[in-house]
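Visitor: Please guide me through the model displayed below, taking its strands, its ligand surroundings and one of its pockets in turn.

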Amino acid sequence: MRSADVLVVGAGVIGASIAYNLARDGADVLLADRAQPPAGSTASGSSAGGVRQQGRVAPEIPLAIESIAMWAGLADELGMDIHYHCHGMTFCVDDPRLLPALHARVARERAAGLEIRVVEADALRRMLPCVSPRIVAGSYCPTDGHADPMRTTRAFSLAAERHRARVLWDCDVRGFRRDGDRITGAEASAGPLACRTLVLTAGAATHRIAARGSVALPMLREGFLQMMVTAPCPPMLRQVLAWVGHGISLKQAPSGGFVIGGGWPGRGDVDRYETHLIPGAMAKSAGTTVNLVPALAGVPVVRAWIGIESYARDE
Ligand SMILES: Cc1cc2nc3c(=O)[nH]c(=O)nc-3n(C[C@H](O)[C@H](O)[C@H](O)COP(=O)(O)OP(=O)(O)OC[C@H]3O[C@@H](n4cnc5c(N)ncnc54)[C@H](O)[C@@H]3O)c2cc1C
(Lines give C-alpha, C1' and ligand atoms only; values in the text may rest on other atoms or scores of the structure.)
Protein backbone atom coordinates (compact mmCIF):
# COMPACT_ATOMS: atom_id res chain seq x y z
CA MET A 1 0.00 0.00 0.00
CA ARG A 2 1.25 3.49 -0.81
CA SER A 3 1.71 5.61 2.28
CA ALA A 4 2.87 9.11 3.22
CA ASP A 5 2.91 11.44 6.20
CA VAL A 6 0.58 13.80 4.36
CA LEU A 7 -1.91 12.87 1.65
CA VAL A 8 -3.18 15.88 -0.30
CA VAL A 9 -6.36 15.11 -2.27
CA GLY A 10 -6.79 17.48 -5.22
CA ALA A 11 -4.00 19.05 -7.27
CA GLY A 12 -5.65 22.34 -8.13
CA VAL A 13 -3.74 25.48 -7.24
CA ILE A 14 -4.59 25.08 -3.55
CA GLY A 15 -3.62 21.42 -3.16
CA ALA A 16 -0.54 21.74 -5.39
CA SER A 17 0.73 24.77 -3.46
CA ILE A 18 0.12 23.05 -0.11
CA ALA A 19 1.96 19.95 -1.38
CA TYR A 20 4.83 22.11 -2.60
CA ASN A 21 5.19 24.06 0.64
CA LEU A 22 5.02 20.94 2.81
CA ALA A 23 7.50 19.03 0.62
CA ARG A 24 9.88 21.99 0.54
CA ASP A 25 9.80 21.98 4.34
CA GLY A 26 10.77 18.31 4.36
CA ALA A 27 7.42 16.54 4.76
CA ASP A 28 6.75 13.21 3.07
CA VAL A 29 3.87 14.13 0.72
CA LEU A 30 1.59 12.24 -1.65
CA LEU A 31 -0.55 14.43 -3.94
CA ALA A 32 -3.47 12.66 -5.65
CA ASP A 33 -5.84 13.95 -8.32
CA ARG A 34 -8.63 12.26 -10.26
CA ALA A 35 -7.60 14.07 -13.48
CA GLN A 36 -4.48 14.77 -15.49
CA PRO A 37 -2.86 18.22 -15.50
CA PRO A 38 -4.14 20.79 -16.34
CA ALA A 39 -7.20 20.29 -14.21
CA GLY A 40 -9.83 20.54 -16.97
CA SER A 41 -13.07 22.17 -16.06
CA THR A 42 -12.37 22.41 -12.35
CA ALA A 43 -11.52 25.85 -11.01
CA SER A 44 -7.73 26.15 -11.39
CA GLY A 45 -7.71 24.94 -14.99
CA SER A 46 -10.34 27.45 -16.03
CA SER A 47 -9.69 30.52 -13.90
CA ALA A 48 -9.50 34.03 -15.34
CA GLY A 49 -6.13 34.38 -13.62
CA GLY A 50 -6.85 37.63 -11.80
CA VAL A 51 -4.48 38.22 -8.86
CA ARG A 52 -6.64 40.56 -6.84
CA GLN A 53 -6.48 42.03 -3.37
CA GLN A 54 -9.34 44.55 -3.58
CA GLY A 55 -12.97 43.57 -3.22
CA ARG A 56 -12.22 40.70 -0.87
CA VAL A 57 -13.92 39.91 2.42
CA ALA A 58 -12.11 41.62 5.31
CA PRO A 59 -10.23 38.60 6.75
CA GLU A 60 -8.72 37.84 3.33
CA ILE A 61 -7.20 41.25 2.75
CA PRO A 62 -4.05 40.89 4.91
CA LEU A 63 -3.42 37.47 3.34
CA ALA A 64 -3.92 38.89 -0.15
CA ILE A 65 -1.52 41.77 0.56
CA GLU A 66 1.10 39.35 1.85
CA SER A 67 0.66 37.11 -1.17
CA ILE A 68 1.70 39.88 -3.56
CA ALA A 69 5.24 39.78 -2.22
CA MET A 70 5.16 36.02 -2.78
CA TRP A 71 3.85 36.38 -6.36
CA ALA A 72 6.72 38.69 -7.28
CA GLY A 73 9.27 35.94 -6.64
CA LEU A 74 7.14 32.91 -7.49
CA ALA A 75 8.36 32.30 -11.04
CA ASP A 76 11.97 32.14 -9.82
CA GLU A 77 11.05 30.04 -6.80
CA LEU A 78 9.06 27.51 -8.83
CA GLY A 79 11.34 27.59 -11.86
CA MET A 80 8.62 28.35 -14.43
CA ASP A 81 7.34 31.49 -16.14
CA ILE A 82 3.83 31.83 -14.75
CA HIS A 83 3.08 34.96 -16.84
CA TYR A 84 2.54 37.11 -13.77
CA HIS A 85 1.88 40.78 -14.59
CA CYS A 86 1.36 43.42 -11.92
CA HIS A 87 -0.13 46.43 -13.75
CA GLY A 88 -3.07 47.17 -11.46
CA MET A 89 -6.81 46.65 -11.49
CA THR A 90 -9.78 49.01 -11.53
CA PHE A 91 -13.32 48.22 -10.41
CA CYS A 92 -15.47 50.49 -12.62
CA VAL A 93 -18.76 52.10 -11.58
CA ASP A 94 -21.31 53.59 -13.99
CA ASP A 95 -24.15 54.23 -11.55
CA PRO A 96 -23.66 57.30 -9.29
CA ARG A 97 -25.82 55.61 -6.65
CA LEU A 98 -23.01 53.07 -6.15
CA LEU A 99 -20.41 55.75 -5.38
CA PRO A 100 -20.94 55.89 -1.58
CA ALA A 101 -20.38 52.11 -1.38
CA LEU A 102 -17.26 52.41 -3.58
CA HIS A 103 -15.80 55.15 -1.36
CA ALA A 104 -16.65 53.20 1.81
CA ARG A 105 -14.99 50.01 0.52
CA VAL A 106 -11.86 51.87 -0.55
CA ALA A 107 -11.67 53.55 2.88
CA ARG A 108 -12.00 50.15 4.60
CA GLU A 109 -9.34 48.58 2.39
CA ARG A 110 -6.94 51.50 2.86
CA ALA A 111 -7.41 51.15 6.62
CA ALA A 112 -6.49 47.46 6.24
CA GLY A 113 -3.21 48.51 4.61
CA LEU A 114 -4.03 48.12 0.92
CA GLU A 115 -2.68 50.64 -1.59
CA ILE A 116 -5.91 51.70 -3.31
CA ARG A 117 -7.69 54.92 -4.29
CA VAL A 118 -10.84 56.20 -5.95
CA VAL A 119 -10.22 57.62 -9.42
CA GLU A 120 -12.90 60.05 -10.65
CA ALA A 121 -14.17 60.41 -14.21
CA ASP A 122 -11.56 62.66 -15.90
CA ALA A 123 -8.57 61.02 -14.26
CA LEU A 124 -10.06 57.62 -15.04
CA ARG A 125 -10.42 58.57 -18.69
CA ARG A 126 -6.74 59.56 -18.83
CA MET A 127 -5.67 56.37 -17.08
CA LEU A 128 -7.96 54.07 -19.11
CA PRO A 129 -8.77 55.70 -22.48
CA CYS A 130 -10.40 52.51 -23.78
CA VAL A 131 -13.14 52.56 -21.12
CA SER A 132 -16.63 53.88 -21.96
CA PRO A 133 -17.51 57.47 -20.96
CA ARG A 134 -20.47 56.01 -19.04
CA ILE A 135 -18.01 54.99 -16.26
CA VAL A 136 -18.10 57.69 -13.58
CA ALA A 137 -15.41 56.41 -11.20
CA GLY A 138 -13.34 53.41 -10.22
CA SER A 139 -11.28 51.92 -7.41
CA TYR A 140 -7.69 51.53 -8.58
CA CYS A 141 -5.23 49.18 -6.88
CA PRO A 142 -1.81 49.42 -8.58
CA THR A 143 -0.54 46.13 -7.13
CA ASP A 144 -3.36 43.91 -8.40
CA GLY A 145 -2.58 41.96 -11.57
CA HIS A 146 -2.95 38.63 -13.31
CA ALA A 147 -1.10 35.38 -13.96
CA ASP A 148 -1.57 32.23 -16.04
CA PRO A 149 -3.61 29.88 -13.81
CA MET A 150 -2.71 26.62 -15.57
CA ARG A 151 0.99 27.40 -15.54
CA THR A 152 0.86 28.48 -11.90
CA THR A 153 -0.94 25.31 -10.83
CA ARG A 154 1.40 23.08 -12.84
CA ALA A 155 4.46 24.96 -11.59
CA PHE A 156 3.46 24.15 -8.00
CA SER A 157 2.98 20.41 -8.62
CA LEU A 158 6.24 20.12 -10.60
CA ALA A 159 8.12 22.00 -7.88
CA ALA A 160 6.52 19.73 -5.27
CA GLU A 161 7.88 16.72 -7.19
CA ARG A 162 11.33 18.27 -7.28
CA HIS A 163 11.11 18.35 -3.48
CA ARG A 164 10.31 14.62 -3.51
CA ALA A 165 6.53 14.81 -3.24
CA ARG A 166 4.95 11.92 -5.14
CA VAL A 167 2.07 12.76 -7.48
CA LEU A 168 -0.64 10.32 -8.53
CA TRP A 169 -2.71 11.46 -11.53
CA ASP A 170 -5.89 9.63 -12.63
CA CYS A 171 -6.37 8.73 -8.98
CA ASP A 172 -10.00 9.14 -7.93
CA VAL A 173 -10.34 9.32 -4.15
CA ARG A 174 -13.61 7.63 -3.27
CA GLY A 175 -13.66 7.45 0.50
CA PHE A 176 -11.65 7.41 3.69
CA ARG A 177 -9.90 4.72 5.69
CA ARG A 178 -10.59 5.10 9.40
CA ASP A 179 -9.36 3.79 12.70
CA GLY A 180 -12.13 4.78 15.10
CA ASP A 181 -12.35 8.56 14.96
CA ARG A 182 -9.07 8.95 13.11
CA ILE A 183 -8.80 9.15 9.35
CA THR A 184 -5.82 6.99 8.40
CA GLY A 185 -5.96 7.22 4.63
CA ALA A 186 -8.14 7.04 1.59
CA GLU A 187 -9.73 4.50 -0.71
CA ALA A 188 -8.81 5.42 -4.26
CA SER A 189 -8.94 4.07 -7.80
CA ALA A 190 -5.16 3.55 -7.53
CA GLY A 191 -5.69 1.37 -4.44
CA PRO A 192 -5.67 2.18 -0.73
CA LEU A 193 -3.54 5.12 0.41
CA ALA A 194 -2.32 5.42 4.00
CA CYS A 195 -1.42 8.68 5.73
CA ARG A 196 -1.08 10.35 9.10
CA THR A 197 -2.62 13.62 7.91
CA LEU A 198 -5.10 14.09 5.09
CA VAL A 199 -5.57 17.45 3.37
CA LEU A 200 -8.76 17.67 1.33
CA THR A 201 -8.48 20.29 -1.41
CA ALA A 202 -10.83 18.89 -4.01
CA GLY A 203 -12.53 22.18 -4.94
CA ALA A 204 -16.22 21.74 -5.63
CA ALA A 205 -15.96 18.02 -4.70
CA THR A 206 -14.53 18.76 -1.25
CA HIS A 207 -17.72 18.56 0.80
CA ARG A 208 -18.97 15.56 -1.18
CA ILE A 209 -15.79 13.59 -0.45
CA ALA A 210 -15.81 14.76 3.18
CA ALA A 211 -19.40 13.57 3.57
CA ARG A 212 -18.27 10.03 2.61
CA GLY A 213 -16.08 10.14 5.72
CA SER A 214 -19.02 11.46 7.77
CA VAL A 215 -17.41 14.90 7.95
CA ALA A 216 -19.93 17.66 7.31
CA LEU A 217 -18.46 20.88 5.92
CA PRO A 218 -20.57 24.06 5.99
CA MET A 219 -20.03 24.66 2.32
CA LEU A 220 -20.51 25.16 -0.61
CA ARG A 221 -22.26 27.33 -3.06
CA GLU A 222 -21.29 26.52 -6.66
CA GLY A 223 -21.05 28.65 -9.75
CA PHE A 224 -20.56 27.69 -13.39
CA LEU A 225 -18.52 30.59 -14.71
CA GLN A 226 -18.12 31.15 -18.44
CA MET A 227 -14.94 32.53 -19.97
CA MET A 228 -14.36 33.94 -23.47
CA VAL A 229 -11.32 35.10 -25.41
CA THR A 230 -11.54 37.50 -28.35
CA ALA A 231 -9.42 37.65 -31.49
CA PRO A 232 -6.19 39.63 -31.00
CA CYS A 233 -6.57 43.42 -30.79
CA PRO A 234 -3.98 46.22 -30.73
CA PRO A 235 -2.65 46.84 -27.22
CA MET A 236 -5.08 49.07 -25.27
CA LEU A 237 -5.40 47.66 -21.74
CA ARG A 238 -2.63 46.77 -19.31
CA GLN A 239 -4.78 46.66 -16.19
CA VAL A 240 -7.48 44.21 -15.18
CA LEU A 241 -11.00 45.69 -15.20
CA ALA A 242 -14.09 44.67 -13.32
CA TRP A 243 -17.50 46.28 -13.67
CA VAL A 244 -19.36 46.62 -10.38
CA GLY A 245 -22.92 45.30 -10.61
CA HIS A 246 -22.30 43.54 -13.93
CA GLY A 247 -20.01 40.72 -12.76
CA ILE A 248 -17.61 41.11 -15.68
CA SER A 249 -13.82 40.98 -15.47
CA LEU A 250 -11.64 41.90 -18.42
CA LYS A 251 -7.96 41.81 -19.26
CA GLN A 252 -5.86 41.85 -22.42
CA ALA A 253 -3.48 38.94 -22.77
CA PRO A 254 0.05 39.51 -24.06
CA SER A 255 -1.10 37.88 -27.34
CA GLY A 256 -3.66 40.71 -27.79
CA GLY A 257 -6.85 38.74 -27.11
CA PHE A 258 -9.22 40.04 -24.45
CA VAL A 259 -10.08 37.55 -21.72
CA ILE A 260 -13.68 38.06 -20.59
CA GLY A 261 -14.64 36.44 -17.30
CA GLY A 262 -17.84 36.12 -15.33
CA GLY A 263 -21.04 37.77 -16.44
CA TRP A 264 -23.90 35.41 -17.15
CA PRO A 265 -23.23 31.86 -15.89
CA GLY A 266 -23.40 28.57 -17.75
CA ARG A 267 -24.71 25.37 -16.22
CA GLY A 268 -23.43 21.99 -15.13
CA ASP A 269 -23.49 19.09 -12.73
CA VAL A 270 -20.74 18.93 -10.13
CA ASP A 271 -21.32 15.27 -9.28
CA ARG A 272 -20.70 14.29 -12.89
CA TYR A 273 -18.11 17.02 -13.56
CA GLU A 274 -20.26 18.11 -16.47
CA THR A 275 -20.33 21.69 -17.71
CA HIS A 276 -22.23 23.39 -20.54
CA LEU A 277 -21.68 26.79 -22.11
CA ILE A 278 -24.89 28.70 -22.83
CA PRO A 279 -24.51 30.67 -26.08
CA GLY A 280 -27.29 33.18 -25.23
CA ALA A 281 -25.65 33.92 -21.88
CA MET A 282 -22.26 34.31 -23.59
CA ALA A 283 -23.80 36.83 -26.00
CA LYS A 284 -25.15 38.85 -23.06
CA SER A 285 -21.73 38.86 -21.35
CA ALA A 286 -20.09 39.91 -24.64
CA GLY A 287 -22.63 42.75 -24.99
CA THR A 288 -21.87 43.93 -21.44
CA THR A 289 -18.17 43.87 -22.25
CA VAL A 290 -18.68 46.06 -25.32
CA ASN A 291 -20.59 48.53 -23.13
CA LEU A 292 -17.50 48.73 -20.93
CA VAL A 293 -14.88 48.85 -23.72
CA PRO A 294 -16.64 50.09 -26.89
CA ALA A 295 -13.64 49.34 -29.13
CA LEU A 296 -14.45 45.64 -28.74
CA ALA A 297 -17.65 45.97 -30.82
CA GLY A 298 -17.41 43.58 -33.75
CA VAL A 299 -14.31 41.78 -32.44
CA PRO A 300 -15.06 38.04 -32.63
CA VAL A 301 -14.91 35.66 -29.70
CA VAL A 302 -12.56 32.86 -30.75
CA ARG A 303 -12.61 30.58 -27.71
CA ALA A 304 -14.82 29.92 -24.71
CA TRP A 305 -14.82 27.55 -21.77
CA ILE A 306 -16.51 27.07 -18.44
CA GLY A 307 -15.31 26.15 -14.96
CA ILE A 308 -16.79 25.22 -11.63
CA GLU A 309 -16.15 27.62 -8.79
CA SER A 310 -17.15 26.80 -5.25
CA TYR A 311 -17.37 28.95 -2.16
CA ALA A 312 -17.55 28.43 1.54
CA ARG A 313 -20.90 29.73 2.75
CA ASP A 314 -19.27 32.66 4.53
CA GLU A 315 -17.00 33.24 1.49
C1 LIG B 1 -14.15 30.45 -14.65
C2 LIG B 1 -13.46 30.80 -13.37
C3 LIG B 1 -12.75 32.00 -13.27
C4 LIG B 1 -12.07 32.31 -12.09
N5 LIG B 1 -11.32 33.45 -12.06
C6 LIG B 1 -10.56 33.71 -10.97
C7 LIG B 1 -9.68 34.83 -10.96
O8 LIG B 1 -9.62 35.61 -11.91
N9 LIG B 1 -8.91 35.02 -9.86
C10 LIG B 1 -8.96 34.17 -8.78
O11 LIG B 1 -8.22 34.36 -7.80
N12 LIG B 1 -9.80 33.11 -8.76
C13 LIG B 1 -10.57 32.87 -9.83
N14 LIG B 1 -11.40 31.79 -9.83
C15 LIG B 1 -11.41 30.95 -8.63
C16 LIG B 1 -10.19 30.06 -8.58
O17 LIG B 1 -10.03 29.43 -9.83
C18 LIG B 1 -10.38 29.03 -7.46
O19 LIG B 1 -10.55 29.70 -6.23
C20 LIG B 1 -9.17 28.10 -7.33
O21 LIG B 1 -8.74 27.63 -8.59
C22 LIG B 1 -9.58 26.93 -6.43
O23 LIG B 1 -8.55 25.99 -6.46
P24 LIG B 1 -8.72 24.59 -5.73
O25 LIG B 1 -7.38 23.95 -5.80
O26 LIG B 1 -9.35 24.82 -4.41
O27 LIG B 1 -9.83 23.82 -6.59
P28 LIG B 1 -9.77 23.12 -8.04
O29 LIG B 1 -8.93 23.89 -8.98
O30 LIG B 1 -11.18 22.86 -8.42
O31 LIG B 1 -9.01 21.78 -7.78
C32 LIG B 1 -9.63 20.67 -7.19
C33 LIG B 1 -8.93 19.43 -7.69
O34 LIG B 1 -9.48 18.32 -6.99
C35 LIG B 1 -9.54 17.25 -7.89
N36 LIG B 1 -10.53 16.29 -7.40
C37 LIG B 1 -11.87 16.45 -7.32
N38 LIG B 1 -12.45 15.32 -6.87
C39 LIG B 1 -11.46 14.44 -6.65
C40 LIG B 1 -11.43 13.11 -6.19
N41 LIG B 1 -12.55 12.44 -5.87
N42 LIG B 1 -10.23 12.48 -6.09
C43 LIG B 1 -9.07 13.13 -6.42
N44 LIG B 1 -9.06 14.40 -6.87
C45 LIG B 1 -10.23 15.05 -6.99
C46 LIG B 1 -9.94 17.89 -9.22
O47 LIG B 1 -9.60 17.07 -10.35
C48 LIG B 1 -9.14 19.19 -9.18
O49 LIG B 1 -7.90 19.08 -9.84
C50 LIG B 1 -12.12 31.44 -10.98
C51 LIG B 1 -12.86 30.25 -11.07
C52 LIG B 1 -13.50 29.93 -12.24
C53 LIG B 1 -14.26 28.63 -12.33
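**Strand pairing, ligand and pocket**

Guide: A4 stands opposite C195 in β11. The model is predicted: local features need pLDDT of at least 70, side-chain atom pairs count only at pLDDT 80 or more, and totals for chains, interfaces and linings use all residues. Residues are numbered from 1 along each chain as its sequence is written, and side-chain values use heavy atoms, with hydrogens and water left out.

Visitor: In which sense do β1 and β11 pair, parallel or antiparallel?

Guide: Strands are DSSP runs of E with at least two residues, numbered from the N terminus, and two of them pair if DSSP finds at least two bridges between them. Strand β1 covers residues 2-9 and β11 covers residues 191-200; they are joined over 7 bridges, and the sense is parallel.

Visitor: Which residue of β11 is the bridge partner of G185?

Guide: Strand β10 (residues 182-188) pairs with β11 in the antiparallel sense over 4 bridges. The two form a hairpin with 2 residues between them. The partner of G185 in β11 is A194.

Visitor: How far is the polar backbone atom of G50 from an oxygen atom of the ligand?

Guide: Of the 32 residues around the ligand (a heavy atom within 4 Å), those that come nearest are D33, S44, G50, V173 and E309. A polar contact is a pair of N or O atoms within 3.5 Å. A backbone N or O atom of V13 lies 3.3 Å from a ligand oxygen, and a polar backbone atom of R34 is 3.1 Å from a ligand nitrogen. For G50, the distance to a ligand oxygen is 2.8 Å.

Visitor: Between which domains does the second largest pocket lie?

Guide: A pocket is an open set of points on a 1 Å grid over the protein atoms alone, where a 1.4 Å probe fits, with protein on both sides within 12 Å along at least five of seven lines; lining residues have an atom within 4 Å of a point. Of the 22 residues that line the second largest pocket, D148, P149, A253, V259 and R303 are the closest to its centre. Domain bounds come from an automatic or database assignment. Both domains give residues to the lining, so the pocket lies between domain 1 (2-49 + 150-217) and domain 2 (84-145 + 221-312).

Key
Polar contact = N/O pair within 3.5 Å; in protein donor to acceptor, adjacent residues only side chain to side chain.
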